[in-house]
Each structure stands twice: as C-alpha cells, then as structure tokens.
Amino acid sequence: MSFYSENPRFYVAVDCIIFGLVEGRLCLLLTKRDFEPEKGKWSVMGGFVQTGESVDDAARRVLKSLTGLENVYMEQVHAFGEVDRDPGERVISVAYYALLGPEEYDLRLLEQHHAVWMPLDSLPELGFDHPLMVSRALARIRRQFSTMPIGFNLLTELFTLTQLQTLYETILGEPVDKRNFRKRISETGCIEKTDLIDKTGSRRGASLYRFNVGKYSPESKFKI
C-alpha cells in the first residue's frame, strides 16, 4: 500500500565535490561527461541513490568507486533542488565535500573514470549547477578551516610547519602571519613533533610533525 501515491516522485542524487592538494595548489577532481544530458561538459562525480540505500551511503559508494577509499573525511554541504537544475529529469541532489590527502587515492580508478585534478583557480566550464555546489562547498570549508582540524586531511602523515601554513594560506586565500600561526597551532595541542627531518627544502632541513588525533576532540578548542 502506498501512503503517498497522490504525490509526484522525483529522482534523488548525490554529488561528491572532492578537493585535494596537488603540487601545492588546491584542486578539484572532475570527470568529463560522455553521455547526455550535458555531454562533453566537466562535472563533479555523482550518482543516484539506490533502493535500500541512505543518502550518506550513496555518497560513500560514489566516493569509493572513484578513489577506492573508505572512511574519507566527507561532509554534507547542501541540497540542490531547483526545478530546472537537470535538463533530463526532475532531480534533487544532495552535495558532499571530501578532502583527500596526496597519493591516498587509487590512480587506476581515476583513470578508469577519466577523472583529473583541476586547479580551483582555473576550472573549466562545469555542467548543471555544479559551479554553485563548488562555491558552497569552498565557503563551508573556509568557515570550518580555522576552527576545526579538517586541513590535516589534505596533508601527508608527516609535514613541516611551513607546509601546514602554506596549506592554510592556500585554502583561506590570504597570507597568515608566521609567528602568530605557529603560536596558535602549538596552543591547539593536536600536533606533535617527530625526530624526523625534511631536507628537501634546505641543507639544514625542517622538523616533521604529525597530527595527533588522540589529543583532539570536538569539545576542545581549535582556533587558528
């Protein structure tokens, strides 16, 4: 028995806005559509919610199919439901953003999906309402970046303080005072210095740090 048979039915989709740091530049993972609608245009990765599948599970499935990864940091951004957003059918899409660290993903899977990293400051024309999705996701990341330690998801396990500061400047789009940044990141208590040295930048080298997830909790103060 259908309780809602008098109401129209719509398709529900998920779109994954996947960010990564590639050669020091913030990039977006895109694929070029080879079918209609919007054939030939670049697109974020998406798919339809299947029977017996939650919206969150659908997003995780789409992300895994593209990258081979599970347990990736991912967060819901917004639901997009303009009547004419998809020229094919009435589709309501729930967008998520994900942050991938360098070399975490399966390159063979990216190649199978013809997915490529595109610098955020020089994106090609995107189909549907994906430009709005990307804009919303980036604004959300920037709001969260200085109060939550989500940035560590974009780094390798070991990193220098300079690399960490560069990441924050890249995301926020503005310079950060070195002395204040290092003071504040130290006060958070969630990074720890290792005995390892990175000598790629200079002969003297720089100390390598790691994020200590055990010293962070949602209740703790994190402000950069």
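Phe19 stands opposite Leu28 in strand β2. This pairing belongs to a predicted model, in which local features need pLDDT of at least 70, side-chain atom pairs count only at pLDDT 80 or more, and totals for chains, interfaces and linings use all residues. Residues are numbered from 1 along each chain as its sequence is written, and side-chain values use heavy atoms, with hydrogens and water left out.

Helices (H or I, at least four residues) and strands (E, at least two) are DSSP runs, numbered from the N terminus. Two strands pair if DSSP finds at least two bridges between them. Strand β1 spans residues 11–22. Four bridges connect β1 with β2 (residues 25–32), and the two run antiparallel. Their hairpin has two residues between the strands. There, Glu23 adopts a positive phi near 50°.

Strand β1 also pairs with β6 (residues 91–100). These strands run parallel and share 10 bridges. Phe19 has Leu99 as its bridge partner in β6. A further partner of β1 is β4 (residues 45–48), joined in the antiparallel sense by four bridges. Ala13 faces Phe48 of β4. Nine of the 12 residues of β1 are buried, so the strand is largely enclosed by the rest of the structure. Buried here means under 20% relative accessible area, exposed over 50%, and partly exposed in between (1.4 Å probe, protein chains only).

Aromatic contacts were examined next. A pair of aromatic rings is described by the distance of the centres and the angle of the planes. Rings of Phe, Tyr and Trp (its six-membered ring) pair if their centres lie within 6.5 Å; planes under 30 degrees apart count as stacked, over 60 as edge-to-face and the rest as tilted. In one of them, the ring centres of Phe145 and Tyr168 are 4.6 Å apart and the planes meet at 55°, so the pair is tilted. Phe145 lies in helix α3 (residues 130–145) and Tyr168 in helix α4 (residues 161–172), 23 residues apart. Phe145 is buried at 0% relative accessible area. Tyr168 is buried too, at 1%.

The rings of Phe152 and Phe211 have centres 4.5 Å apart and planes at 15°, so they are stacked. Phe152 sits in the loop between α3 and α4 and Phe211 in strand β9 (residues 206–211), so the pair ties together parts 59 residues apart in sequence. Phe152 is buried at 9% relative accessibility, whereas Phe211 is partly exposed at 24%. Ring pairs also link Phe145, Tyr168 and Phe181 into a cluster.
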